[in-house]
Amino acid sequence: MKHFQKATEYTFYTIKFPNGTHYLGQTAKHEYMRWGQHIDACRKGKHGNRLIQKQYDNHSSNKLTSSGWVSVCGARDWEFEVIHREVTADKKFVNEMEKRWISKLMNEGRTFLNIRIIPKTSKWG
């Protein structure tokens with residue numbers, strides 16, 4: 001008897017940073033839950049991608065107002081965009097599709113902060 005894996009919906013998304021660089025990610029969670037995880041990790045100073053953490057740290061500040069100190073979130077100017085959804089049970093396919101999206105968008109001139117960068121010569125196919 002063959003064992004079938006349950007198909008899952010994956011969301012591919014980009015985060016655009018104020019300096020014009022991007023991050024491309026994938027998630028099987030609701031995209032806004034994943035967005036919140038990025039922000040929460042940055043607030044704690046523990047994001048797994050040091051380049052994203054640096055973007056957050058560079059744009060965070062504390063300001064003194066008439067009400068006291070107010071923290072300004074370093075992600076307030078980040079732009080989150082869903083670029084694709086895919087339903088599949090094949091996680092290897094999802095990882096390959098992520099690489100293809102990075103390659104495609106790099107060929108369109110975007111720069112990425114992903115830790116594992118795909119060579120710009122990769123072809124979308």
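# Briefing on a predicted protein chain

Leaving aside neighbours within four places in sequence, tyrosine 23 is in contact with Tyr13, Thr14, Ile15, Phe17, His38, Asn49, Ile52, Phe112 and Asn114, where contact means heavy atoms within 4.5 Å. This is a predicted model, in which local features need pLDDT of at least 70, side-chain atom pairs count only at pLDDT 80 or more, and totals for chains, interfaces and linings use all residues. Residues are numbered from 1 along each chain as its sequence is written, and side-chain values use heavy atoms, with hydrogens and water left out.

**Overall architecture**

- The protein chain contains three helices and five strands; helices (H or I, at least four residues) and strands (E, at least two) are DSSP runs, numbered from the N terminus.
- Along the sequence, these elements follow the pattern β-β-α-α-β-β-β-α.
- Of the 125 residues in the protein chain, 36% are buried; buried means under 20% relative accessible area, exposed means over 50%, and partly exposed lies in between, with a 1.4 Å probe and protein chains only.
- Among contacts in the protein chain with a separation of 6 or more, 53% are between residues 24 or more positions apart.

**Nonpolar cores**

- In soluble globular proteins, nonpolar side chains tend to be buried together.
- A nonpolar core is a set of buried Ala, Val, Leu, Ile, Met, Phe, Trp, Tyr and Cys residues joined through side-chain atoms within 4.5 Å.
- The largest such core has 13 residues, of which Ile15, Phe17, Tyr23, Trp35, Ile52 and Trp78 touch the most other members.
- At least two residues of this core come from each of β1 (8-16), α1 (31-43) and α2 (50-58), and α1 gives the largest share, three residues.
- A second, separate core has ten residues, including Tyr10, Phe12, Trp101 and Phe112.

- Strands of a sheet pair through backbone hydrogen bonds, either parallel or antiparallel.
- Here three strands form an open sheet in the order β2-β1-β5, with antiparallel pairing; two strands count as paired if DSSP finds at least two bridges between them.
- Strands β2 and β5 (79-88) stand at the edges with a single partner strand each, so one side of each has no neighbour in the sheet.
- On average, neighbouring strands of this sheet are turned by 20 degrees against each other, direction ignored.
- Helix α3 (residues 91-107) packs on the sheet and touches β1, β2 and β5, and its direction makes about 160 degrees with that of β2; axes are lines fitted to C-alpha atoms, for helices over the stretch in contact, and angles run from 0 to 180 degrees between N-to-C directions.

**Strands β1 and β2**

- Six bridges join β1 and β2 in the antiparallel sense, and tyrosine 13 stands opposite glycine 25 in β2.
- The hairpin of β1 and β2 has five residues between the strands, and glycine 20 in this hairpin takes a positive phi near 90 degrees.
- In a regular strand the side chains alternate between the two faces of the sheet.
- Both faces of β2 are covered, with His22, Leu24 and Gln26 buried on one side and Tyr23, Gly25 and Thr27 buried on the other.

**Threonine 8, between β1 and β5**

- Nine bridges join β1 to β5.
- Threonine 8 is found in strand β1 and stands opposite threonine 88 in β5.
- Threonine 8 is partly exposed, with a relative accessible area of 27%.
- Not counting residues up to four places away in sequence, threonine 8 touches Ala28, Glu86, Val87, Thr88 and Ala89.
- Although threonine 8 and alanine 28 are 20 residues apart along the chain, their C-alpha atoms are separated by 6.8 Å.

**Helix α2**

- An α-helix has 3.6 residues a turn, so residues three or four places apart point the same way.
- In α2 the buried residues are Ile52, Gln53, Gln55 and Tyr56.
- Seen down the axis of α2, these residues fall within an arc of 155 degrees, so they line one face of the helix; the arc is that of the directions from the helix axis to the C-beta atoms.
- These buried residues of α2 pack against β2 (22-27) and α1, whereas the exposed residues Arg50, Lys54 and Asn58 are on the face turned away from the buried side.
- Glutamine 55, in helix α2, is buried, with a relative accessible area of 9%.
- Apart from neighbours within four places in sequence, glutamine 55 is in contact with Phe17, Pro18, Asn19, Thr21, Gly74, Trp78 and Leu113.
- At the start of α2, a side-chain oxygen of asparagine 49 reaches to within 2.8 Å of the backbone nitrogen of leucine 51.

Methods
A polar contact is a pair of N or O atoms within 3.5 Å; within protein, one must be able to donate a hydrogen and the other to accept it, and residues adjacent in sequence count only if both atoms are side-chain atoms.
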